[in-house]
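Please look over the sequence and the structure shown here before reading the report.

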Amino acid sequence: MAGGLGDREAAWTCWSIVYFVLGLAQEEQAADRAQGEVLAAALAPGGYPALSRVGAHLADASFDERFEHGIGLMTRR
């Protein structure tokens with residue numbers, strides 16, 4: 001709130017950060033199991049062109065960098 005957020009926006013931003021952290025932690029814990037046939041099929045050329053283009057970035061397991069990026073998006077004004 002000291003940064004200029006209203007009460008509701010500050011509270012909801014807090015929840016967004018909590019959900020983001022929990023979700024990313026869960027994804028990181030399941031990373032070994034996450035790669036599989038479903039993702040490979042979705043990334044196959046033809047079905048979802050935009051998804052195929054960004055596929056390498058979706059499979060990137062640099063959780064620290066992804067965390068910093070996500071937190072940065074939520075805390076920018």
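The report below moves from the overall fold to a helix pair, a salt bridge and a surface patch.

## Overall make-up

The model described here is a predicted one. The protein contains 5 helices and 0 strands, and read along the sequence these elements follow the pattern α-α-α-α-α. Of the 77 residues in the protein, buried residues make up 12%.

## Packing of α1 and α5

Helix α1 covers residues 7–29, whereas helix α5 covers residues 63–75. The two helices α1 and α5 pack at an angle of about 165°, and their axes are 11 Å apart. Because angles over 145 degrees count as roughly antiparallel, α1 is described as roughly antiparallel to α5.

F63 belongs to helix α5, and with a relative accessibility of 8% F63 counts as buried, since the term applies to residues under 20% relative accessible area. The C-alpha atom of F63 is separated by 10.0 Å from the C-alpha atom of A31, although F63 and A31 are 32 residues apart along the chain.

## The salt bridge between the helices

How many salt bridges does the count come to by the rule applied here? The count comes to 1 salt bridge, and the side chains of R66 and E27 meet in a salt bridge with an N to O distance of 2.6 Å. R66 lies in helix α5 and E27 in helix α1, so the pair ties together parts of the protein that are 39 residues apart in sequence.

## A nonpolar surface patch

Which residues form a nonpolar patch on the surface? The patch is formed by W12, W15, V18, Y19 and L22, which together have about 590 Å² of accessible area.

V18, one of the patch residues, has its place in helix α1. With a relative accessible area of 32%, V18 is partly exposed.

Conventions
Residues are numbered from 1 along each chain as its sequence is written. This is a predicted model: local features need pLDDT of at least 70, side-chain atom pairs count only at pLDDT 80 or more; totals for chains, interfaces and linings use all residues. Side-chain values use heavy atoms; hydrogens and water are left out. Patches are made of residues with over 30% relative accessible area and no salt bridge: like charges are joined within 9 Å, nonpolar side chains (Val, Leu, Ile, Met, Phe, Trp, Tyr) within 5 Å. Accessible areas come from the Shrake-Rupley method with a 1.4 Å probe; for residues, only the protein chains shown count as cover. A salt bridge is a side-chain nitrogen of Lys or Arg within 4 Å of a carboxyl oxygen of Asp or Glu. Helices (H or I, at least four residues) and strands (E, at least two) are DSSP runs, numbered from the N terminus. Buried means under 20% relative accessible area, exposed over 50%, partly exposed in between (1.4 Å probe, protein chains only). Axes are lines fitted to C-alpha atoms, for helices over the stretch in contact, and angles run from 0 to 180 degrees between N-to-C directions. Angles under 35 degrees count as roughly parallel, over 145 as roughly antiparallel, 65 to 115 as roughly perpendicular and the rest as oblique.
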